[in-house]
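Here is a short report on one protein model. Look over the sequence and the fold first, then read on.

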Amino acid sequence: MQNIKLLIAYDGGHYLGWQKTPMGPSIEATLQQVLEQILQHPISLQAASRTDAGVHALGQVVNFLTSKPPSDFNRFIISLNSLLPKDLVVLSAERAPTTFHPTLDSIGKEYHYFICYGMTQLPHLRHYSWHCHFPLRLAEMRSALPYFIGTHNFAAFCNFKKNAHYTDYTREIQEISLLELEGCRLRFSVRGNHFLYKMVRNLVGTLVYIGKGKIDKEQIPAILSSEKRTEAGITAPAHGLFLHQVFYP
């Protein structure tokens with residue numbers, strides 16, 4: 001059996017997340033169906049991140065085992081993309097060591113989140129950034145970022161998820177930045193070793209609350225110490241979030 005590694009990108013707007021669910025379409029089920037059609041045997045997929053419903057990806061990493069590895073990976077990619085829906089694309093495919101696991105071998109992930117804080121938002125961006133209809137204190141938001149860097153208990157930034165049981169809520173944020181873009185738009189970049197359920201969206205929501213003046217940046221240490229989700233800000237909408245890159249040794 002050969003271990004095949006894929007790099008994929010997708011617009012998550014019409015999917016109920018990565019993981020298969022009887023409730024509707026998923027990235028996993030869609031990709032699995034096309035792989036099985038081409039390889040003519042059952043496929044089991046593993047992904048670096050189980051992105052939620054509506055979340056997008058520019059650099060999702062996936063693997064599967066096959067007894068029929070492609071002889072020509074370029075033709076394999078073309079075949080996959082000709083059968084996949086246009087909102088899901090395979091960027092690369094290659095053989096990986098038999099021990100490679102996209103989740104267990106990952107040493108970090110980087111997520112980007114986009115916000116528009118102008119009075120209006122361009123229509124073609126509406127599915128890919130959160131439109132906040134109010135001015136934001138950008139200097140306050142930027143000065144709050146260092147509070148999150150380092151290793152902390154992020155329980156206050158983790159939403160409840162049925163059947164999700166964490167042994168601990170300690171995570172490390174290695175980098176977090178705020179970049180101003182044209183048209184009253186912002187891009188948050190967050191890089192860390194691992195992330196809790198909806199952690200990035202809760203970080204962004206809290207920073208927006210700081211930008212609105214609803215939370216003071218000096219409260220962040222107390223919010224972290226409280227370990228209470230109710231102490232932090234709102235959960236930012238899914239459609240502004242992108243899995244940008246997964247890192248490996």
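## A buried aspartate

Asp-52 counts as buried, at 18% relative accessibility. Buried means under 20% relative accessible area, exposed over 50%, and partly exposed in between, with a 1.4 Å probe and protein chains only. Asp-52 sits in the loop between β2 (46-47) and β3 (56-66). Helices (H or I, at least four residues) and strands (E, at least two) are DSSP runs, numbered from the N terminus. Beyond its neighbours within four places in sequence, Asp-52 is in contact with Gly-17, Tyr-197, Lys-198 and Arg-201. Contact means heavy atoms within 4.5 Å.

## About the model

This is a predicted model, where local features need pLDDT of at least 70, side-chain atom pairs count only at pLDDT 80 or more, and totals for chains, interfaces and linings use all residues. Residues are numbered from 1 along each chain as its sequence is written, and side-chain values use heavy atoms, with hydrogens and water left out.

Ser-26 belongs to the loop between β1 (2-10) and α1. Ser-26 is buried, with a relative accessible area of 1%. Tyr-15 is 11 residues from Ser-26 in sequence, and their C-alpha atoms are 5.0 Å apart in space. Leaving aside neighbours within four places in sequence, Ser-26 is in contact with Tyr-15, Leu-16, Gly-17, Trp-18, Gln-19, Lys-20 and Thr-21.

Phe-154 is in the loop between β7 (150-153) and β8. Its relative accessibility is 0%, so Phe-154 counts as buried. Phe-154 and Tyr-169 are 15 residues apart in sequence and 5.6 Å apart in space, C-alpha to C-alpha. Leaving aside neighbours within four places in sequence, the contacts of Phe-154 include Tyr-169, Arg-171, Leu-196 and Leu-224.

## The nonpolar core

The largest nonpolar core has 74 residues. Such a core is a set of buried Ala, Val, Leu, Ile, Met, Phe, Trp, Tyr and Cys residues joined through side-chain atoms within 4.5 Å. Leu-6, Ile-8, Leu-31, Ile-115 and Phe-157 have the most contacts inside this core. Helix α4 (residues 199-212) gives the core its largest share, 8 residues.

What does Phe-157 touch, not counting residues up to four places away in sequence? Among them are Phe-148, Tyr-197, Met-199, Leu-203, Ile-223 and Arg-229.

## How α1 meets α2

The axes of helix α1 (residues 27-39) and helix α2 (residues 73-83) come within 10 Å and cross at roughly 125°. That makes α1 oblique to α2. Axes are lines fitted to C-alpha atoms, for helices over the stretch in contact, and angles run from 0 to 180 degrees between N-to-C directions. Angles under 35 degrees count as roughly parallel, over 145 as roughly antiparallel, 65 to 115 as roughly perpendicular, and the rest as oblique. The crossing of α1 and α2 is right-handed. Right-handed means that the near helix is turned clockwise from the far one by less than a right angle; anticlockwise is left-handed.

Val-34, Leu-35, Gln-37, Ile-38 and Leu-39 in α1 meet Phe-76, Ser-79, Leu-80 and Leu-83 in α2. By class, this contact has 7 nonpolar, 2 polar and no charged residues. Ala, Val, Leu, Ile, Met, Phe, Trp, Tyr, Cys and Pro count as nonpolar, Asp, Glu, Lys and Arg as charged, and the others, Gly among them, as polar.

## Two positive phi angles

Gln-40 is not a glycine, yet has a positive phi of about 60°. Gln-40 lies in the loop between α1 and β2. With a relative accessible area of 59%, Gln-40 is exposed.

Cys-184 is not a glycine either, and has a positive phi of about 55°. Cys-184 lies in the loop between β8 (170-181) and β9 (185-192). At 37% relative accessibility, Cys-184 counts as partly exposed.
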